[in-house]
Amino acid sequence: MLLALTAACGLLLTGCSGDDGGGAQKSDASYGGGSHDMPPPPAPEGSNRFEGGEREGEQESREVAPEPDYLSTFALDVDTASYGYARRTLDEGRLPDPSTVRPEEFVNSFRQDYPRPDGDGFTVTVDGAHTDEEDWSLVRVGLATRTAEADGERPPAALTFVIDISGSMGEPGRLDLAQEALGTMTDRLRDDDSVALVTFSGEAETVLPMTRLDGNRDEIHDAIDGLEPTDSTNLGAGVETGYEAAVEGLRESATNRVVLVSDALANTGETEADAILERIAESRREHGITLFGVGVGSDYGDALMERLADRGDGHTVYVSDEEDAREVFCEELPRSIELTARDAKAQVAFDPATVAEFRLVGYDNRRVADEDFRDDRVDGGEVGPGHTVTALYAVRTRPGAGGHLATATVRWLDPDSRTPHEETGDLETDGLEESVWRARPRLTVTATAAYFADALRSPGHRDSALPGAPGLGELSERAGSLAARTEDADVRELAEAIRTANRLD
């Protein structure tokens, strides 16, 4: 289970140890070319060699920024669903569809070692290490929020659960998982918390209006236990009705959230994320109600769920078993209820005296125009306590150059006053470690996860677009050694996933 989901919760469950358009705006300002659907062409047979520069057909996150632009800007993202779904697919003996693999979600699925601030906002950590490819390094930008407070310190929660009860949710590991986790959560919510329950199949229905937990737990359990799968999936109606219920039950003194639990296989009514979110834009804009997506099922509408969460100012996770579900509802959801930063964006400025070229790994849907970094009308990411956000760059330094390499700046708005704040961090060339494989363990874990994701996105799952990438066989061996070195259960699961991918490949 991901340690990204196992920080101390304590915010929600006792006993558990904008912009109207929404979404980050894409920009070509820092990246060559535009978005392409075609995967990158294969390298020569038998070669894993990284070649700098843009190649025809490459995805945005596999492109190098052209001179003279040395800025990279993106909205913060703490999604992890892509990695969870990839593991589920591999466990079933299938390689994941490359279109469902988002490297930043692989990277952000693992515990990091960044220092944390005392109050709201972020710390900024910039480090990196040389790869086996001459002059190429991986540079890690790490952002961390304060540690989650004890449960009694948080404001009350008003949660509207929007539950998919379509026919596809009858498969084991979908609706039954949601019911089990929601039942456990109901027992652990505080008396001053509130929940509402909306279901959808062909139509949407408010099963339970916003209800305080105090004295009403049996009624809430009955509503959860009575859920049964029916027919088609009108996800648009479910989201719209869910937001209506959230607004109707809005509590000014509470943190209000909509939690969507679905396999996101919409087949009735509105099926496009932009159109669905447009219908509830006023609720999002006026009341600040964000969307937390919980994906389930072996067949899963990954792209739709991710787009909904991005445009709904929230994020997504994926659950495949009872342990996943309990940890998501006990820990990840609580950490997403309270906000420490709104509209958070990061901008990395590379020094042209030392850097010849670079590219951001992933974040395809979260890029922001460089000139919009300090435009607080442009949507960023919403981040809560106990979170870390990691971005990884492939960077080619100029031969023999030394000195300042990069400065990373994060900008966010205070969640209450919306006052803007910034924090920065720097990296010098002599701060780069000798090798990604002999670097600090958490940096090596980050590199391993990125290499794995990029291999899954490349033709034949053999040739990475990252510098110094080993083949899946060698990566599997290195991940196994890393798991032994870290004694980390999540890294062991990563090593097993790489072994499985290598075998299937």
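Buried means under 20% relative accessible area, exposed over 50% and partly exposed in between, using a 1.4 Å probe and protein chains only. The views below come from a predicted model, in which local features need pLDDT of at least 70, side-chain atom pairs count only at pLDDT 80 or more, and totals for chains, interfaces and linings use all residues. Residues are numbered from 1 along each chain as its sequence is written, and side-chain values use heavy atoms, with hydrogens and water left out.

**View A. Thr-444 sits in helix H10 (residues 441-457).** Helices (H or I, at least four residues) and strands (E, at least two) are DSSP runs numbered from the N terminus. Is Thr-444 buried or exposed? Thr-444 counts as buried because its relative accessible area is 2%. Leaving aside residues up to four places away in sequence, Thr-444 touches Val-436, Trp-437, Ala-439, Leu-482 and Arg-485; contact here means heavy atoms within 4.5 Å.

**View B. Helix H10 packs with helix H11 (residues 472-486), their axes coming within 11 Å and crossing at roughly 150°.** Axes are lines fitted to C-alpha atoms, for helices over the stretch in contact, and angles run from 0 to 180 degrees between N-to-C directions. H10 and H11 are therefore roughly antiparallel; angles under 35 degrees count as roughly parallel, over 145 as roughly antiparallel, 65 to 115 as roughly perpendicular and the rest as oblique. On the H10 side, look for Thr-444 again, among other contact residues including Val-445, Thr-448 and Phe-452, while H11 brings residues including Leu-475, Ala-479 and Leu-482. The residues of this contact divide into nine nonpolar, three polar and two charged. For these classes, Ala, Val, Leu, Ile, Met, Phe, Trp, Tyr, Cys and Pro count as nonpolar, Asp, Glu, Lys and Arg as charged, and the others, Gly among them, as polar.

**View C. Helix H3 (residues 175-188) packs against helix H4 (residues 217-225) at an angle of about 175°, with the axes 10 Å apart.** That angle makes H3 roughly antiparallel to H4. Gln-179, Leu-182, Gly-183, Thr-186, Asp-187 and Arg-188 of H3 meet Arg-217, Ile-220, His-221, Ile-224 and Asp-225 of H4. By class, this contact has three nonpolar, four polar and four charged residues.

**View D. The whole structure holds 14 aromatic pairs, and here are two of them.** Rings of Phe, Tyr and Trp (its six-membered ring) pair if their centres lie within 6.5 Å, and planes under 30 degrees apart count as stacked, over 60 as edge-to-face and the rest as tilted. Phe-161 and Phe-329 form a tilted pair, 6.3 Å centre to centre with 40° between the planes. This pair links distant parts of the chain, with Phe-161 in strand S4 (residues 157-164) and Phe-329 in helix H9 (residues 322-337), 168 residues apart. Both Phe-161 and Phe-329 are buried. Tyr-300 and Tyr-318 form another tilted pair, at 5.2 Å and 50°, and Tyr-300 and Tyr-318 are buried too.

**View E. Asp-343 and Glu-487 each have a positive phi.** Most residues other than glycine have a negative phi. Asp-343, in strand S10 (residues 341-350), has a phi of about 45° and counts as buried at 7% relative accessibility. Glu-487 lies in the loop between H11 and helix H12 (489-504); its phi is near 50°, and Glu-487 counts as exposed at 67% relative accessibility.
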